[in-house]
Amino acid sequence: MSNSVFANQFAASPALFPHVPDLAQDRILISVLDEAAYRSVSFLDQRILTETMQRQWVRWIDVPDLTEVHLPRSSFIFHIGHVGSTLISRALAEADIVLPLREPLLLRSLADCRRELDLPQSIWSDAQYNERVESVRRWLARVFGTQQKTMI
C-alpha cells in the first residue's frame with residue numbers, strides 16, 4: 001500500500017487503529033478493527049492480537065498527524081483500577097454516539113515515555129514528546145459516524 005493510500009485510509013476511519021508502539025524503532029503497529037471490535041473488547045492492548053487480525057508495522061513519520069482534519073475532542077474516564085470504569089464504558093458505548101477506546105496501549109506507552117523525558121536514555125525531547133502526544137490525541141479521536149465521539 002502506498003503512503004498516500006495509507007494516509008487517506010487512516011484519516012478517513014478509525015478502522016486502522018494505532019495499536020502497539022515500538023519506540024526504539026520509531027514505528028507503530030497498525031491493526032484493523034471494525035466498530036464491533038472496538039465495542040466488544042475489554043482493553044485495546046496486546047491481548048486483542050490474534051493470528052487472523054490484519055496488522056502492519058508503519059514508521060511513525062508515515063502516520064498522518066491529522067492536523068488538517070477537524071475531529072471532536074475525546075472524552076475520558078480516569079480511574080485507578082477495579083472501580084467499574086469498564087462497566088461504565090460498556091454502558092455508555094450502548095449509545096451509538098460513543099465509540100469506546102478502553103485503555104489503548106499507545107497511551108500507556110506514552111505515559112511510560114513521559115517518566116523518562118528528563119533522563120539521558122529518553123528517546124524523545126520534550127518538544128518531540130508533546131508533538132507525538134498531540135498526534136495520538138487526534139488519532140484516537142477518529143470515529144466511524146459523524147455524530148460519534150470517542151471515549152477513552
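In this tour, Ala, Val, Leu, Ile, Met, Phe, Trp, Tyr, Cys and Pro count as nonpolar, Asp, Glu, Lys and Arg as charged, and the others, Gly among them, as polar. The model on screen is predicted.

**Stop 1: the largest pocket**

Select Ile-77, Glu-103, Pro-104, Leu-107 and Ile-152, which lie nearest the centre of the largest pocket. The space in this pocket is about 520 Å³, and its lining holds 19 residues. Under the classes above, the lining of the largest pocket divides into 10 nonpolar, four polar and five charged residues.

Next, colour the helices around it. Helix H3 (85-93), H4 and H5 are the elements that give two or more residues to the lining of the largest pocket. Of these, H3 gives the most, with three residues.

**Stop 2: helices H4 and H5**

Select residues 105-115 for helix H4 and residues 126-139 for helix H5. Two packed helices are described by the angle between their axes and the distance between the axes. Here the axes of H4 and H5 come within 11 Å and cross at roughly 165°. Angles over 145 degrees count as roughly antiparallel, and H4 and H5 are therefore roughly antiparallel to each other. Their crossing is left-handed.

Now show side chains at the contact. On the H4 side, select Leu-106, Leu-107, Leu-110, Ala-111, Cys-113 and Arg-114. They meet Asp-126, Tyr-129, Val-133, Val-136 and Trp-139 in H5. The residues of this contact divide into nine nonpolar, no polar and two charged. Leu-107 belongs to the contact of H4 with H5 and was also among the residues nearest the centre of the largest pocket.

**Stop 3: the largest cavity**

Keep Trp-139 of H5 selected, as this contact residue also lines the largest cavity. About 30 Å³ of space lies in the largest cavity. Its lining divides into eight nonpolar residues, one polar and one charged.

Technical notes:
Residues are numbered from 1 along each chain as its sequence is written. This is a predicted model: local features need pLDDT of at least 70, side-chain atom pairs count only at pLDDT 80 or more; totals for chains, interfaces and linings use all residues. Side-chain values use heavy atoms; hydrogens and water are left out. On a 1 Å grid over the protein atoms alone, a cavity is a set of points where a 1.4 Å probe fits but cannot get out, and a pocket is an open set with protein on both sides within 12 Å along at least five of seven lines; lining residues have an atom within 4 Å of a point. Grid points are joined across faces, edges and corners, and a volume is the space filled by probe spheres set on the points. Axes are lines fitted to C-alpha atoms, for helices over the stretch in contact, and angles run from 0 to 180 degrees between N-to-C directions. Helices (H or I, at least four residues) and strands (E, at least two) are DSSP runs, numbered from the N terminus. Angles under 35 degrees count as roughly parallel, over 145 as roughly antiparallel, 65 to 115 as roughly perpendicular and the rest as oblique. A crossing is left-handed if the near helix is turned anticlockwise from the far one by less than a right angle, and right-handed if clockwise. Contact means heavy atoms within 4.5 Å.
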